[in-house]
Amino acid sequence: MIISSFSDLKIVKKYFLEKNFQKTLIITGKNSYFKSNANKLLNNILPNNLKKFYYFKKNYYPDLIELHQIIKKVNSIKPDIILAVGGGCVIDYAKLANVFFNIKNISYKVKNSRFDFNKKFCELIAIPTTAGSGAEVTPFAVLYINKVKYSVENKLIKPDGFIISPKLVIGSNKILKASTGFDAIAQALESMISVKSNRASLEYSKKSLELSIPNFINYLNNPNRDNSLKMNIAANLAGKAISIAKTNGPHATSYPFTTEFGINHGHAVSLTLNKFMCLHYIYHFKSVAPFDLKKRFHKIFQILKVKNIYEFDLLIKNIKKKANLEDNFNKLGINIVSDYHKIIRGVNIQRLNNCPIKITKQDIRDILLMDI
């Protein structure tokens with residue numbers, strides 16, 4: 001297993017030499033692969049005699065039709081190792097193809113949560129080119145079927161290892177960095193109030209927020225190796241947190257904003273994050289979580305160095321403003337009243353059930369209409 005940062009590339013190179021892989025399939029995005037300089041990184045660490053095959057993903061989010069194309073490529077090439085080089089979409093595609101390679105009727109299996117696969121096709125290494133999703137360490141992946149988001153979860157989905165490098169994220173598009181970086185912040189916060197949170201997930205979230213909050217805006221405006229690496233690590237830690245605790249309301253509600261309106265995932269999450277958090281704080285006495293929700297919020301306030309929910313809300317709004325993450329629905333071309341049914345249809349109930357208080361459709365409507 002490889003678990004490596006940029007400083008361990010000699011170890012990574014030695015690993016590939018010792019394993020003596022014959023063929024690799026590199027699943028990546030055509031633009032991100034070269035703009036991130038991932039091609040140069042792989043040229044530096046992969047043996048010259050390793051045959052390299054590529055699949056350049058086309059969709060913005062993991063879609064069943066394209067997944068079938070990737071699976072066909074996997075079965076045709078028969079790689080010894082798959083390298084997923086990219087953001088969350090690329091890594092999710094690789095994770096899914098590596099376990100669904102011989103499964104028929106994937107749509108039925110996914111819709112009915114019947115993940116009876118018992119082996120991987122081959123070893124999988126994730127190399128993220130964005131600091132945000134944490135997909136390189138999670139045992140689940142997202143798949144969209146007819147624009148509806150489903151989660152596929154199994155311990156076999158988790159990559160065998162990962163390589164993170166600030167060199168791959170430092171030059172990313174600022175809009176993408178804002179979206180993915182905020183996603184890491186949201187994951188850490190959501191996991192802290194998730195009903196499935198525990199001592200380990202809380203520690204991962206705490207460490208993630210202690211890195212992301214002070215470095216996020218500088219990472220956008222004045223990127224350097226230090227703040228890029230810290231955002232890399234923050235995303236990785238947030239991924240570990242949600243592997244245990246899972247996300248909840250803001251993520252559950254974000255998916256239709258991506259599929260129906262083309263809003264980047266992390267940006268879509270940002271639209272309701274502080275609203276959900278405020279709602280949970282106000283109605284903490286209705287909590288069904290196995291912990292004191294009000295005390296959990298005070299722990300969050302302590303980490304973020306704010307005194308109360310009002311200051312927390314201002315902090316999140318200020319971060320979004322500085323990151324140019326627009327949260328005015330009208331300016332984003334979204335009419336909440338007329339588009340409501342389209343939005344509510346795409347809400348992921350599985351993620352919504354992780355909320356510490358029971359969230360109804362009316363609650364979501366109220367959240368969406370807030371500030372309008």
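Predicted model: local features only at pLDDT ≥ 70, side-chain atom pairs only at ≥ 80, totals over all residues.
The largest pocket holds about 1200 Å³ of space, and its lining is made up of 49 residues, of which Tyr60, Gly87, Gly88, Cys89 and Leu176 lie nearest the centre of the pocket. Two or more residues of this lining are given by each of helix H2 (30-35), helix H5 (88-100), strand S6 (140-145), strand S7 (148-153), helix H8 (174-193), helix H11 and helix H12 (265-270). The largest share comes from H8, which supplies 6 residues. When the lining of the largest pocket is divided by class, 25 residues are polar, 14 are nonpolar and 10 are charged.

Helix H11, one of the elements that contribute to this lining, comprises 13 residues, numbered 249-261, and reaches 19 Å from its first C-alpha to its last, which is close to the 18 Å expected at 1.5 Å a residue. Because 11 of the 13 residues of H11 are buried, with under 20% relative accessible area, the helix is largely enclosed by the rest of the structure. The buried residues are Gly249, Pro250, His251, Ala252, Thr253, Ser254, Tyr255, Pro256, Phe257, Thr258 and Thr259. H11 is followed by Gly262, a residue whose phi is positive, near 70°.

The second largest pocket contains about 250 Å³ of space. Its lining consists of 13 residues, and those nearest its centre are Ile349, Leu352, Asn353, Ile359 and Thr360. At least two residues of the lining are supplied by each of helix H16 (336-345), helix H17 (349-352) and helix H18 (361-369). In this second lining, 8 residues are nonpolar, 2 are polar and 3 are charged.

Strand S5 (residues 123-128) is also largely enclosed by the rest of the structure, because 6 of its 6 residues are buried. In a regular strand the side chains alternate between the two faces of the sheet. In S5, Glu123, Ile125 and Ile127 point one way, whereas Leu124, Ala126 and Pro128 point the other way, and all of these residues are buried. S5 pairs in the parallel sense with strand S4 (residues 81-86) over 6 bridges, and in this pairing Ile82 stands opposite Leu124 of S5. S5 also pairs in the parallel sense with strand S8 (residues 161-164), here over 2 bridges, with Ile125 standing opposite Gly161 in S8.

Methods: Residues numbered from 1 in each chain as written. Heavy atoms only, no water. Helix = DSSP H or I, 4+ residues; strand = E, 2+ residues; numbered from the N terminus. Expected span 1.5 Å × (residues − 1). Buried < 20%, exposed > 50% of the residue type's maximum accessible area, 1.4 Å probe, protein only. 1 Å grid on protein atoms, 1.4 Å probe; cavity = no way out; pocket = protein on both sides within 12 Å on 5 of 7 lines; lining within 4 Å. Points joined across faces, edges and corners; volume = space filled by probe spheres on them. Nonpolar A, V, L, I, M, F, W, Y, C, P; charged D, E, K, R; others polar. Pairing = 2+ DSSP bridges.
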